[in-house]
Amino acid sequence: MKLTQFRKPPSTHQRLGALFGEYVVDVGALAREVQSIGGPVAEWLPGISSTLELIQRGPKALEDIQRVIARAGDEAISLNEGVISAPEAIEYLPAVFPGKIIAIGRNYADHAIEQGQKPPEAPMIFNKLPNSLSAHNAPIILPAISEKVDYEAELAVVMGRRTSKVPEDEALEYVFGYTMINDVSARDLQFADGQWTRGKGLDGFAPLGPFITTREEIADIHNLNIEGRLNGKVMQASNTGKMIFKIPYLISYISQAITLEPGDVIATGTPEGVGIFREPPVLLKPGDVFEVTIEKLGTLRNPIEG
């Protein structure tokens, strides 16, 4: 299942959406339609509006939603404009509003090498800040304090359960799903500071989405092609199997020190091809469009504005 958060202009009401064929279904509205014809619906479901609430309710809640979605083809169900929308008719929100975003640096060997660095011997952990969250189709605003804003296409892991000191061989059981993130980076701030928080934590520097693909949909998370495209040109092309530290190891490693909560996001690192290390460098500028595509998960797209 692919899940999202969205608004439908001119309404500012947040909704929980699920991909249904070529359309996005408002899960709460669909639940109310099923309820109106006497169908069985979990009592909380008609009011659902966020992926975080769904995740916090646990696996049973996802099963409740799956049963409601299965009723969408019922001839008695009215799939009107209040229930179903074309993807281009909605305003996407970040795929989840996490309590924290933990990011991993230099997790692809070729990305470390293009920086003139050795691959790390242990995961390099930093954080993206809540104010940096943004969404599919939302513009990335170039800040006045930076002249070197760069892109980083990454796979994001969305946690499904409270996770503390979990063994590596059990770690994937704690995952809710996967999505795309662009670890936008102000390189001049990042390099000048000597640490990464400010350069990677600016407003809007973590577009996330558009959909979370639930874990059971992906047979092998370490065998997915990943691309970063600037104005349609492929700048980054790799495979998640090339991660130095695989996802179960990252979850276990982080959770030995930091408790992960439902909805928390781990950005797993970017492959080679970022702009700053190209000759000459290729940095983001107004009018550009950057896309992150991961096989079986979808595409995250963001225009660049000055």
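Tutor: We'll take a surface patch, a helix and then a sheet. Keep in mind that this is a predicted model.

Student: Okay, which residues make the nonpolar surface patch?

Tutor: Ile-125, Tyr-249 and Tyr-253 make it. The patch covers about 240 Å².

Student: Where does Tyr-253 sit?

Tutor: In helix α7, which spans residues 247–255.

Student: And how does Tyr-253 count: buried, exposed or partly exposed?

Tutor: Partly exposed, because its relative accessibility is 33%. Buried would need a value under 20%, and exposed one over 50%.

Student: What about α7 as a whole, mostly covered or mostly open?

Tutor: Mostly covered. Seven of the nine residues in α7 are buried. Among them are Ile-247, Leu-250, Ile-251 and Ile-254. Pro-248 is buried too, as are Ser-252 and Ser-255.

Student: What covers the buried residues of α7?

Tutor: Several strands contribute, including β6 (101–105), β7 (124–128) and β11 (153–159).

Student: Switching topic. What is the strand order in the open sheet of five strands?

Tutor: The order is β9-β19-β18-β15-β16. Pairing is mixed.

Student: Which strands stand at the edges?

Tutor: β9 (140–141) and β16 (233–239). Each has a single partner strand, so one side of each lacks a neighbour in the sheet.

Student: How does β9 pair with β19, parallel or antiparallel?

Tutor: Parallel, over two bridges. β19 covers residues 298–305. Ile-141 stands opposite Glu-305 there.

Student: Now β18. How many of its residues are buried?

Tutor: Six of six, across residues 289–294. Val-289, Glu-291 and Thr-293 point one way from the strand. Phe-290, Val-292 and Ile-294 point the other way.

Student: How many bridges join β18 to β15, and how many to β19?

Tutor: Five bridges join β15 (residues 225–230) to β18, and the two run antiparallel. Gly-228 has Val-292 as its bridge partner in β18. Six bridges join β18 to β19, again antiparallel. On that side, Thr-293 stands opposite Thr-299.

Methods
Residues numbered from 1 in each chain as written. Predicted model: local features only at pLDDT ≥ 70, side-chain atom pairs only at ≥ 80, totals over all residues. Heavy atoms only, no water. Patch = residues over 30% accessible without salt bridge, like charges linked within 9 Å, V, L, I, M, F, W, Y side chains within 5 Å. Areas by Shrake-Rupley, 256 points an atom, 1.4 Å probe, with all protein chains shown as cover. Salt bridge = Lys/Arg side-chain N within 4 Å of Asp/Glu carboxyl O. Helix = DSSP H or I, 4+ residues; strand = E, 2+ residues; numbered from the N terminus. Buried < 20%, exposed > 50% of the residue type's maximum accessible area, 1.4 Å probe, protein only. Contact = heavy atoms within 4.5 Å. Pairing = 2+ DSSP bridges.
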